[in-house]
Amino acid sequence: MEILALFHGVKLALTKKLLPLVIETDCLELLNLLKSNNCLYQNLIDNCRYLLRMANDPHLDHIFREANGVADLLAKNGCSLDTFCNLQIFVVPPVFTFHVLKRDSLGTMWPRLSSCCNNS
């Protein structure tokens, strides 16, 4: 799904002439796939690479999910819909994202939860 999101996002940005792009993802696997060859999704990866070249090779950054709250919320909402594989384009942010957008606009910091091993 991350590959499809990148593909459709860059394609939409090119169509609407929304350049230059800043692309952030919390999916390290996607970034690794874009750097490698001979994967299961090679055709789609090649299509993404082509679109990225057309978009002047924007830098792709890894960010943590906590810094990608709106995208995470949209993905979770998409998983709950019956319209799987139907691309939805929002002209304005959906109401259910307002609280996260507000939090982001205020620069609110959220702690990153991680597991910790202490062998002592």
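Predicted model: local features only at pLDDT ≥ 70, side-chain atom pairs only at ≥ 80, totals over all residues.
A pocket here is an open set of points on a 1 Å grid over the protein atoms alone, where a 1.4 Å probe fits and protein lies on both sides within 12 Å along at least five of seven lines.

Residues are numbered from 1 along each chain as its sequence is written, and side-chain values use heavy atoms, with hydrogens and water left out.

**Overall layout**

- The protein chain has 5 helices and 2 strands, taken as DSSP runs (H or I of at least four residues for helices, E of at least two for strands) and numbered from the N terminus.
- Along the sequence, the elements run α-β-α-α-β-α-α.
- Of the 120 residues in the protein chain, 27% are buried, where buried means under 20% relative accessible area, exposed over 50%, and partly exposed in between (1.4 Å probe, protein chains only).
- Among contacts (heavy atoms within 4.5 Å) with a separation of 6 or more in the protein chain, 69% are between residues 24 or more positions apart.

**The largest pocket**

- The lining counts 44 residues, and A5, A71, L74, L87 and Q88 are the closest to the pocket centre; a lining residue has an atom within 4 Å of a point.
- Elements giving two or more residues to the lining are α1, β1 (23-25) and α4.
- Helix α1 supplies the largest share of that lining, with 9 residues.
- Sorted by class, the lining holds 28 nonpolar, 10 polar and 6 charged residues; Ala, Val, Leu, Ile, Met, Phe, Trp, Tyr, Cys and Pro count as nonpolar, Asp, Glu, Lys and Arg as charged, and the others, Gly among them, as polar.
- Domain 1 (8-63) and domain 2 (65-106) each put at least three residues into the lining, with bounds that come from an automatic or database domain assignment.

**The largest nonpolar core**

- This core has 19 residues, and L6, V10, I23, L34, L52 and L60 touch the most other members; a nonpolar core is a set of buried Ala, Val, Leu, Ile, Met, Phe, Trp, Tyr and Cys residues joined through side-chain atoms within 4.5 Å.
- Two or more core residues come from each of α1 (2-15), α2 (28-35) and α3 (42-54).
- With 5 residues, α1 gives the largest share of the core.
- Leaving out residues up to four places away in sequence, L52 touches L6, V10, I23, L34, D57, P58 and L60.

- C48 is in helix α3 and is buried because its relative accessible area is 2%.
- Beyond residues up to four places away in sequence, C48 touches I3, L6, F7 and L34.
- C48 and G9 are 39 residues apart along the chain, with 9.8 Å between their C-alpha atoms.
- T97 is in the loop between α4 (69-79) and α5 (98-105), and T97 is buried because its relative accessible area is 0%.
- Again leaving out residues up to four places away in sequence, T97 touches V70, L73 and L74.

- K17 sits in the loop between α1 and β1, and its phi is near 55 degrees, a positive value in a residue other than glycine.
- K17 counts as exposed because its relative accessibility is 68%.
- P20 is in the loop between α1 and β1, and a cis peptide bond joins L19 to P20, with omega about 0 degrees.
- N56, in the loop between α3 and β2, has a phi near 65 degrees, a positive value in a residue other than glycine.
- N56 is exposed because its relative accessibility is 62%.
- F64 lies in the loop between β2 (60-62) and α4, and F64 counts as partly exposed because its relative accessibility is 44%.
- F64 and D26 are 38 residues apart along the chain, and their C-alpha atoms are separated by 5.2 Å.
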